[in-house]
Amino acid sequence: MEDLLSLEKQQIENEDEKIEYVDEIKVVTRGVDFSVRELKLLREEKELIVPDFQRELVWDNKRKSRFIESILLGYPIPGMFFTDLEKGRMMIIDGQQRINTLVEFLNNELKILKREDINPKWRGKFYREIDEDSQRRLRNTNIRASVFQILSEDVDKDIALYSLFERINTGSIQLNSQEIRRAIYFGEFTKKLNVFVENPLWLAAYKMIMPEEYKDYSKDKRLNDQEIVARYFTLKSLIQSKELESDISYKKEINRFMSNVQKIEEETVDKIFKDLEEKLRWLQSQVDFSIGYLFRRPIEKIEHINNIKDILKGKKFNIPLFESVLISIDKLKLENTKLDIEKYFNLFNDEKFVDAISSQTNRIEKIHYRLGAVEEVFYSE
């Protein structure tokens, strides 16, 4: 699993994200002891909500078995973290795998592994097969939960919840920014985003393949691809609303954008993604190779356009370059426009442009410079 996650991250040209402080939020915390029986009931009656994380991020049977055995042995169990929602419900911030494992075992959907390092008393057994005393002890075991109530309102409440997820997440695989966003800002936009990253045109751009080759590729399991698309929409929104006035924090702005769009209607969401798909289709019509080559930064200077594939082979997807190209297209009437390929790749001979897509890419002057430079490579017929 870890090798796969590393491979996905390696295909993106990333900068180290600047560490930022978190704004003060109003939070009230209470401690509650829930029995295993209560946790199962709350989960099954949907009063305890499991966020829509990646389903691949689950414990294996060895870890599940060891967890159940630990409770049966009377060992202390680490506390969990929930947050209050409306109508008396709670969302799990930390503890999802433990609760899912308990529900599976109590429902006889999980058998303790038959391993030498498991106590013979419970080895290889379902819940229904262990002795009654052990069943009773398991059901009545209390697990401490810290329950947060966020007193902020609207967007600020969502951002505060994001911060809680980010800081209070002790799973074996740490949730990344986009996985947390998908849990908190779930709506039509998030659902469509999840589908869009399987679009052949997007995969052509992201994986540097031709659209017809998409069947051999899939979306990222850690949602890196979804974060790139969300970041593009975020920057586009800031520009259109004339709110791009200073250096930006992409993490904070993506959070704010996804909070704002989570309640928009399906028809509007469809239009947003259809527009992006049309732009990618137009770009593909402008080149005789995969559009993925447009979103890679060459390390060496480009002397001739003919060997561009050799120069860019193995290069990583450059996010600022992608969003600069797509945002520049916004101002154009595509039916009367052409992309000057040679002029485009000559951009990489401009040291200032390369710097603008390579370091401190959140700086306002660098955003404006790369957008202005890219706009120059389009012309009207």
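Colleague: In which sense do β2 and β6 pair, and over how many bridges?
Modeller: In this predicted model, Thr 29 stands opposite Phe 148 in β6. The pairing of β2 with β6 is antiparallel, and the number of bridges is nine.

Colleague: Which strands stand at the edges of the sheet?
Modeller: The sheet is open and has five strands with mixed pairing, in the order β2-β6-β4-β5-β3. An edge strand has a single partner strand, so one side of it is left without a neighbour in the sheet. The strands in that position are β2 (27-35) and β3 (48-49).

Colleague: Which residue in β5 is the bridge partner of Asp 84?
Modeller: Strand β4 covers residues 80-84 and strand β5 covers residues 90-94. These strands pair in the antiparallel sense over four bridges. The bridge partner of Asp 84 is Met 90.

Colleague: What angle does the direction of helix α4 make with that of β5?
Modeller: Helix α4, residues 96-106, packs on the sheet and touches β3, β4, β5 and β6 (142-150). Its direction makes with that of β5 an angle of about 115°.

Colleague: Do β4 and β6 run parallel or antiparallel, and which residue in β6 is the bridge partner of Phe 81?
Modeller: Four bridges join β4 to β6, and the two strands run parallel. In β6, the partner of Phe 81 is Ser 146.

Colleague: Is Arg 370 buried or exposed?
Modeller: Arg 370 lies in helix α17, residues 364-375. Beyond its neighbours within four places in sequence, Arg 370 is in contact with residues including Arg 231, Tyr 250, Glu 323 and Phe 353. Its relative accessibility is 1%, and a residue under 20% counts as buried. Arg 370 is therefore buried.

How values were computed:
Residues are numbered from 1 along each chain as its sequence is written. This is a predicted model: local features need pLDDT of at least 70, side-chain atom pairs count only at pLDDT 80 or more; totals for chains, interfaces and linings use all residues. Side-chain values use heavy atoms; hydrogens and water are left out. Two strands pair if DSSP finds at least two bridges between them. Contact means heavy atoms within 4.5 Å. Axes are lines fitted to C-alpha atoms, for helices over the stretch in contact, and angles run from 0 to 180 degrees between N-to-C directions. Buried means under 20% relative accessible area, exposed over 50%, partly exposed in between (1.4 Å probe, protein chains only).
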